[in-house]
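The notes are in the order in which I checked them.

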Amino acid sequence: MAAENPNILTKNYGVSESWKIENYERQGGYQSLRKALEMGPEKIRDEVKAANIRGRGGAGFPAGVKWSFLKPNPEKPTYIAVNADEGEPGTFKDRTLMEKDPHRCIEGFIIAAYALDVHTVFCYVRGELVLAIRRLEQAVREARAKGYLGETVLGRPFKLDIVIHPGAGAYICGEETSLLNSLEGLRGEPRLKPPFPAVVGAFGAPTIVNNLETLATVPSVIEFGGDSFSKMSRLHHLKDGGVRLYGVSGHVKRPGVYEAPVGITLNELIFDYAGGVRGDRKIKAIVPGGSSTPIVRPEDKVSAADEKHILHPWHGKSHLDVPMGVDTMRALGTMLGTCCAIVMDDTTSMVRVAENLMLFYAHESCGQCTPCREGCSWMARLCRKFAAGTATMNDLEVLNDVANNIMGNTICALGDGAAMPMLGILKLFRHEFEAAVREGRAPKEIAA
Amino acid sequence: MAFELTPERLAIFQDLLPRYPTKRALTIPLLHLCQEQEGWVSPEVVEFVAKRLEISTADVQGVVTFYTLFQQKKTGRNVIWVCRTLSCELMGARGITHALEKKLGCHVGETTKDGEFTLLEAECLAACGQAPMLQLNDEYHENLTPEQLDGLLEGARRKRDERVKAGFSPVSIRSRKES
Ligand SMILES: Cc1cc2nc3c(=O)[nH]c(=O)nc-3n(C[C@H](O)[C@H](O)[C@H](O)COP(=O)(O)O)c2cc1C
Ligand code: FES
């Protein structure tokens, strides 16, 4: 099947110097803002709700519903904190929006701010993304010069500032409450919830935290209308609406970021968009949506005989033939996450994959909660032992135990995000760990 | 000697200040500006930031030690971060790291004897579709092969003098405007 490209979020990616305001305007940019100002805040919020945008940052919470939880506090301002910390391994989609279409991001922020009566937007961008930060800051300056923000928004008495805030290299700061602490100038340690950011967020004030792509989608919601936008998805009936960015990396012929309707399958993403597996080899496993999501395999079949089961329409089919949606992937026992897949062919050593990932979590655990701080390094050390061929069968049980003891025992989801993929790999590829013990060695390289 | 920002960087800081509800929120942006100038976060920089933001040096130090991008010791004139995370390792990141270690004669975490390059590993840099990749100072280099490395290192040596002359350390987020 040919790859379907809605060409909405990425329509300016091919435009020369797409990041400059005059080119964005020539493509129809900032028309959605004009339309939104005519509609007024309440109608904008209704359209965003009707659009069924499931948060693009990983958890998939409906943006419109999150907005309705905002509890203005008469003593405090209200903020939007944009999450552009993009750090989940395998994920590289927000960066393309910031670098290639920063004005789409800014337009989305302005519309959201107007809809939520917010006068300061903080956009937290990971510090390594120097080009993205420069492009966004340039875009803010251009938009201000043209009157899209500043003392007024297009002449309306609505004061708005957008501050581009650099991070400084910490995966944990993508977690929303850690991001807020980091924004306040503290160490990026997550906060206990409740209170949720929509009630007590940045600087003690109610704050909406949204992923950058979530907000960059808003101009298109206004352009097409919420319901029409939602229906572009193949999972509109599951309230998982619209189009989104997919990433695909690893052993495929054409890795990259692709735009597609919500609900294409992993098989479509890999074969129709990314051109198939390198050397036409077989797929061994796929990390479906960033490193914290448990792996899936092509040979596993959906078991959903019950007609009421959400996956029943795909009963008996491969996991790679299930549409990628927030609820469908969850029903498969994994997660849609950031919608960026890592593909591994049949030359890959899953022991080495586990070692690579657990080293990541050991490095990135913020150290606040004991199960995560100790558990992530413990899992990394154990994976190292399997990779070096010095592990025992008992280590396999310990690895399993450590992972299970992190689950659900920490303030934020980083610990679960490390334990879930570890348990997933152990469940599906236990034999590779056993072989490493038996043979006293694991493959030297992660893949051919 | 006490640390002071250049007037150009001080102006950037002063522009930012009223845009935040607290001074302390500028900890990370100000540390970046200082590091751009000094090349690392020296004890003098910590003092300076604490004084400017009216917080304790312990508070500043706590932030510095939390975040990977803040260098707690002097680096080489060029800093190389090779991404080591999954997509990059699947596509040959280890080969890139080993080739660099050989060419530079130093290991990951070390600086070459002539002070030219510091070699580091990074966690996923959001460029997984262009793996393997590395960040050289503030630029990404993607879809790498070991054959490209000589040219990269040569280019970095050439550009270093103009950068140092203009007062930029390896990573400049704000002072340099987008080209
Ligand atoms: C460890 C961890 C890292 C995260 N990193 C990011 C990130 O880099 N970007 C992001 O948008 N969300 C990230 N999230 C999810 C955020 O906590 C939050 O759910 C999201 O920003 C909400 O925005 P959305 O509803 O628009 O998706 C992370 C969560 C965890 C637990
Ligand atoms: S894994 Fe290297 S950039 Fe993501």
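This is a predicted model: local features need pLDDT of at least 70, side-chain atom pairs count only at pLDDT 80 or more; totals for chains, interfaces and linings use all residues.

**Largest pocket**

I started with the largest pocket, which holds about 1300 Å³ of space. I counted 46 residues in its lining and noted that A:Gly57, A:Gly58, A:Ala59, A:Gly174 and A:Glu176 lie nearest the centre. The elements that give two or more residues to this lining are β4 and α17 (414–439) of chain A. β4(A) gives the most, with five residues. Sorted by class, the lining of the largest pocket has 16 nonpolar, 18 polar and twelve charged residues.

**Ligand 1**

Which space does ligand 1 take? I found that ligand 1 takes the space of the largest pocket. There are 18 residues around ligand 1, and A:Gly57, A:Lys66, A:Asn83, A:Asn211 and A:Thr214 come nearest. Strand β4 (residues 207–211) of chain A supplies the largest share of this shell, three residues. By class, I have four nonpolar, eight polar and six charged residues in the shell around ligand 1.

I then listed some contacts to oxygen atoms of ligand 1. An N or O atom in the side chain of A:Thr214 is 2.8 Å from one oxygen atom of the ligand. A polar backbone atom of A:Glu86 is 3.3 Å from an oxygen atom of ligand 1. For A:Gly87, a backbone N or O atom lies 3.5 Å from a ligand oxygen atom. On its own, ligand 1 has 610 Å² of accessible area, and the protein covers 90% of that.

**Second largest pocket**

I put the second largest pocket at about 790 Å³. Its lining has 38 residues, and those nearest its centre are A:His363, A:Glu364, B:Thr68, B:Leu69 and B:Glu121. I noted that α14 (350–364) of chain A, and α4 (57–66) and β2 of chain B, each supply at least two lining residues. β2(B) gives the most, with four residues. The lining of the second largest pocket divides into 16 nonpolar, twelve polar and ten charged residues.

**Cavities**

How many cavities of 30 Å³ or more are there? I count five. The largest cavity holds about 120 Å³ of space. Its lining includes B:His32, B:Gln35, B:Leu69, B:Trp81 and B:Pro170. α2 (27–38) and β1 (78–83) of chain B are the elements that give two or more residues to this lining. α2(B) gives the most, with three residues. I sorted the lining of the largest cavity into five nonpolar, six polar and one charged. B:Leu69 is also among the residues nearest the centre of the second largest pocket.

The second largest cavity holds about 90 Å³ of space. Of its 13 lining residues, A:Pro190, A:Cys366, A:Cys369, A:Cys372 and A:Cys412 are the closest to its centre. This lining has eight nonpolar, five polar and no charged residues.

**Backbone**

I found a cis peptide bond between A:Lys193 and A:Pro194, with omega about -10°. A:Pro194 sits in the loop between α8 (176–183) and β4 of chain A. Another cis peptide bond joins B:Ala131 and B:Pro132, with omega about -10°. I placed B:Pro132 in the loop between β2 (117–122) and β3 (134–136) of chain B.

Last, A:Glu17 is not a glycine, yet has a positive phi of about 50°. A:Glu17 lies in the segment before α1 (21–26) of chain A.

Methods
Residues are numbered from 1 along each chain as its sequence is written. Chains are lettered from A and ligands numbered from 1 in the order in which they are written. Side-chain values use heavy atoms; hydrogens and water are left out. On a 1 Å grid over the protein atoms alone, a cavity is a set of points where a 1.4 Å probe fits but cannot get out, and a pocket is an open set with protein on both sides within 12 Å along at least five of seven lines; lining residues have an atom within 4 Å of a point. Grid points are joined across faces, edges and corners, and a volume is the space filled by probe spheres set on the points. Ala, Val, Leu, Ile, Met, Phe, Trp, Tyr, Cys and Pro count as nonpolar, Asp, Glu, Lys and Arg as charged, and the others, Gly among them, as polar. A residue is near a molecule or strand if one of its heavy atoms lies within 4 Å of it. A polar contact is a pair of N or O atoms within 3.5 Å; within protein, one must be able to donate a hydrogen and the other to accept it, and residues adjacent in sequence count only if both atoms are side-chain atoms. Accessible areas come from the Shrake-Rupley method with a 1.4 Å probe; for residues, only the protein chains shown count as cover. A molecule sits in a cavity or pocket if more than half of its atoms lie within 2 Å of its grid points.
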